[in-house]
Amino acid sequence: MGGKEEVMNFRELKHRVTIWRISRAEERQQIWQTAMVVAEEAAEVLECFSKGRRDRLAEELADVVIAAVDLANVMGVNLEEAIERKMEVLENRPGLRNR
């Protein structure tokens, strides 16, 4: 890779999460359980701060993203489009500096 690691794009991430989900087919979850994983992983992000484990922050944030992509895949949500729409809303929302 010539010294610089390639970073996967969103479509590649979605594909890898889909393959991972299929490989774990014997561990099928109910949809609410898949949603609960997102909340559990987000709670682990908070623990990085409350327990002084900032060295684990990147790993825990990655878990949140993977869990969210997994849930979106299961529910048929186009997360890429949803993020794009949400960013437009956020970018046009007046912030404290714009008041």
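Residues 24 or more positions apart account for 55% of the contacts in the protein with a separation of 6 or more, a contact being heavy atoms within 4.5 Å. The structure is a predicted model, in which local features need pLDDT of at least 70 and side-chain atom pairs count only at pLDDT 80 or more, while totals for chains, interfaces and linings use all residues. Residues are numbered from 1 along each chain as its sequence is written, and side-chain values use heavy atoms, with hydrogens and water left out.

## Overall architecture

The protein has four helices and zero strands, and from the N terminus on its elements run α-α-α-α. Helices (H or I, at least four residues) and strands (E, at least two) are DSSP runs, numbered from the N terminus. Of the 99 residues of the protein, 13% count as buried. Here buried means under 20% relative accessible area, exposed means over 50%, and partly exposed lies in between, computed with a 1.4 Å probe on protein chains only.

## Salt bridges

The structure holds five salt bridges, each defined as a side-chain nitrogen of Lys or Arg within 4 Å of a carboxyl oxygen of Asp or Glu.

| Pair | N to O distance | Accessibility of the partners |
|---|---|---|
| R11 and E80 | 3.8 Å | R11 62%, E80 33% |
| D55 and R53 | 3.2 Å | D55 63%, R53 38% |
| E60 and R56 | 2.8 Å | E60 4%, R56 29% |

The salt bridge between R11 and E80 links distant parts of the chain, with R11 in helix α1 (residues 10–23) and E80 in helix α4 (residues 79–92), 69 residues apart. R11 counts as exposed because its relative accessibility is 62%, whereas E80 is partly exposed at 33%. In the second pair, D55 is exposed and R53 is partly exposed. Salt bridges that share partners join R56, E59 and E60 into one network.

## Helix α3

Helix α3 has 19 residues and reaches 27 Å from its first C-alpha to its last, close to the 27 Å expected at 1.5 Å a residue. The expected span is 1.5 Å times one less than the number of residues in the helix. The buried residues of α3 are E60, V64, A67, V69, D70 and A72, and they pack against α1, α2 and α4. After α3 comes G76, whose phi is positive, near 75°.

## The largest pocket

About 220 Å³ of space lies in the largest pocket. On a 1 Å grid over the protein atoms alone, a pocket is an open set of points where a 1.4 Å probe fits, with protein on both sides within 12 Å along at least five of seven lines; lining residues have an atom within 4 Å of a point. Grid points are joined across faces, edges and corners, and the volume is the space filled by probe spheres set on the points.

The pocket is lined by 12 residues, of which W20, R24, Q29, V37 and D70 lie nearest its centre. The elements that give two or more residues to the lining are α1, α2 (31–50) and α3 (57–75). Helix α3 gives the most, with four residues. By class, the lining divides into four nonpolar, two polar and six charged residues. Ala, Val, Leu, Ile, Met, Phe, Trp, Tyr, Cys and Pro count as nonpolar, Asp, Glu, Lys and Arg as charged, and the others, Gly among them, as polar.

## T34 in helix α2

T34 lies in helix α2 and counts as buried because its relative accessible area is 3%. Not counting residues up to four places away in sequence, T34 touches R21, Q29, D70 and L71. Of these contacts of T34, Q29 and D70 are also among the residues nearest the centre of the largest pocket. T34 and V74 are 40 residues apart in sequence and 8.6 Å apart in space, C-alpha to C-alpha.
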